[in-house]
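Please keep the sequence and the coordinates in view while reading.

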Amino acid sequence: MRQGFGSMGAWLGLWCVLGLAACAPAQLRMPDGFAADAAVWPVSGHSPRHWDEPVRFGPYSALQLEEGGTFGWMLPVGRVDFGRSERRYAFTLVAIGQAPVEVQCRVRNLAVGQWGANGRVETRIEVDATALEGPMLDCGLVHDGIAPALPLALDRKGTHLDGRLASPWGDYAVRSLHGYAGTPIAGYAPTGFEIAAGGRTVMVVDLIDHGQVFLDPAVDESQRTYLAAAAAILLLLGEDAEA
């Protein structure tokens with residue numbers, strides 16, 4: 001249930017966040033302690049998204065992009081309905097002088113809805129049931145052609161997405177971000193993602209506007225292309241990231 005704001009200042013803050021007032025452009029609120037000297041790469045090909053257009057940032061490009069259409073159905077049973085959709089995409093993440101990373105992903109959503117009456121008003125309650133079928137995002141990454149594929153998987157937890165990225169160097173935690181810089185107000189849909197190892201954020205993927213990717217310069221050169229492939233996965237997640 002949404003709660004009301006207690007002051008006009010809070011309302012003005014919300015208008016600023018939504019970009020509906022004469023305020024500075026909305027910016028992602030960075031995770032606490034993230035590297036102040038992080039490399040910053042603007043993204044092209046993410047927003048607006050065009051069919052089969054490569055996603056690029058810094059020295060990295062998602063090439064040989066294959067994007068499958070979304071398959072979905074809705075099955076009504078009395079006042080209850082079941083909705084399901086699935087989308088697949090694949091690409092190869094490349095950078096000059098670096099080993100490529102091949103990626104295949106599947107995004108799926110399963111929802112159960114029920115119609116009811118609230119006085120004279122018809123209301124509908126929808127519950128996300130994707131976890132019954134597995135992760136909402138399920139990807140496999142192959143680094144330098146070395147099998148087997150390692151997973152990146154995300155599950156929906158309320159409005160947030162949480163999961164892990166397995167790599168040849170160990171596991172990373174992946175979490176959605178929902179904050180805006182300069183305000184305590186959090187967005188409903190993700191404003192970005194953080195990738196962390198050992199409790200330390202090593203990469204941030206900013207989804208606002210055209211998008212940006214931030215990388216901790218302390219990350220070893222041999223691991224950067226792999227993390228960049230994970231960033232491209234999260235950028236291509238698109239509207240499926242929204243609850």
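Predicted model: local features only at pLDDT ≥ 70, side-chain atom pairs only at ≥ 80, totals over all residues.

Which residue does the side chain of Arg224 meet in a salt bridge? The partner is Glu221, with N and O 3.6 Å apart. Both residues belong to helix H2, which spans residues 221–237, and because they are three residues apart there, about one helical turn separates them.

The chain has a mean pLDDT of 81, and 73% of the residues reach 70 or more. Residues 1–22 are a region where pLDDT stays under 50. For this segment the model has 13 contacts beyond four places in sequence.

As to overall architecture, the chain contains two helices and 14 strands. It comprises 243 residues, of which 43% count as buried. Among contacts with a separation of 6 or more, 51% are between residues 24 or more positions apart.

The bridge in helix H2 belongs to a total of eight salt bridges. Another of them joins the side chains of Arg49 and Glu67, at an N to O distance of 2.9 Å. This pair links distant parts of the chain, 18 residues apart: Arg49 lies in the loop between strand S1 (39–44) and strand S2 (55–57), and Glu67 lies in strand S3 (residues 60–67). Arg49 is partly exposed, because its relative accessibility is 29%; Glu67, with 15%, is buried. A further salt bridge connects Asp171 and Arg164, whose closest N and O atoms are 2.8 Å apart. Here Asp171 is partly exposed at a relative accessible area of 49%, and Arg164 is partly exposed at 40%.

The loop that holds Arg49 also contains Pro48. The peptide bond from Ser47 to Pro48 is cis, with omega near 5 degrees. A cis bond also leads from Ala147 to Pro148, again with omega near 5 degrees, and Pro148 is located in strand S9, residues 146–157. In the loop between strand S8 (137–143) and S9, Asp144 adopts a positive phi, near 60 degrees, although it is not a glycine. Asp144 is partly exposed, its relative accessible area being 43%. Gln64 in strand S3 is likewise a residue other than glycine with positive phi, in this case near 50 degrees. With a relative accessible area of 64%, Gln64 is exposed.

Four aromatic pairs are found in the whole structure. One of them consists of Phe57 and Tyr60, whose ring centres are 5.9 Å apart and whose planes stand at 50 degrees, so this pair is classed as tilted. Phe57 and Tyr60 are both buried, and together with Trp41 they form one aromatic cluster.

Ser176 counts as buried because its relative accessibility is 7%. Its side chain reaches the backbone nitrogen of Leu161 at 2.9 Å. The side chain of Ser176 also makes a polar contact with the side chain of His178, at 2.9 Å.

Strand S12 (residues 192–197) includes Ile195, a buried residue with a relative accessible area of 0%. Beyond four places in sequence, Ile195 touches Tyr172, Ala173, Val174, Arg200, Thr201, Val202, Met203, Leu227, Ala230 and Leu234. Ile195 and Leu165 are 30 residues apart in sequence, with a C-alpha to C-alpha distance of 8.3 Å. Among the contacts of Ile195 is Leu227, and helix H2, at residues 221–237, brings the account back to the pair formed by Arg224 and Glu221.

Conventions: Residues numbered from 1 in each chain as written. Heavy atoms only, no water. pLDDT = per-residue confidence, 0-100. Contact = heavy atoms within 4.5 Å. Phe/Tyr/Trp six-rings, centres within 6.5 Å; stacked < 30°, edge-to-face > 60°. Buried < 20%, exposed > 50% of the residue type's maximum accessible area, 1.4 Å probe, protein only. Polar contact = N/O pair within 3.5 Å; in protein donor to acceptor, adjacent residues only side chain to side chain. Salt bridge = Lys/Arg side-chain N within 4 Å of Asp/Glu carboxyl O. Helix = DSSP H or I, 4+ residues; strand = E, 2+ residues; numbered from the N terminus.
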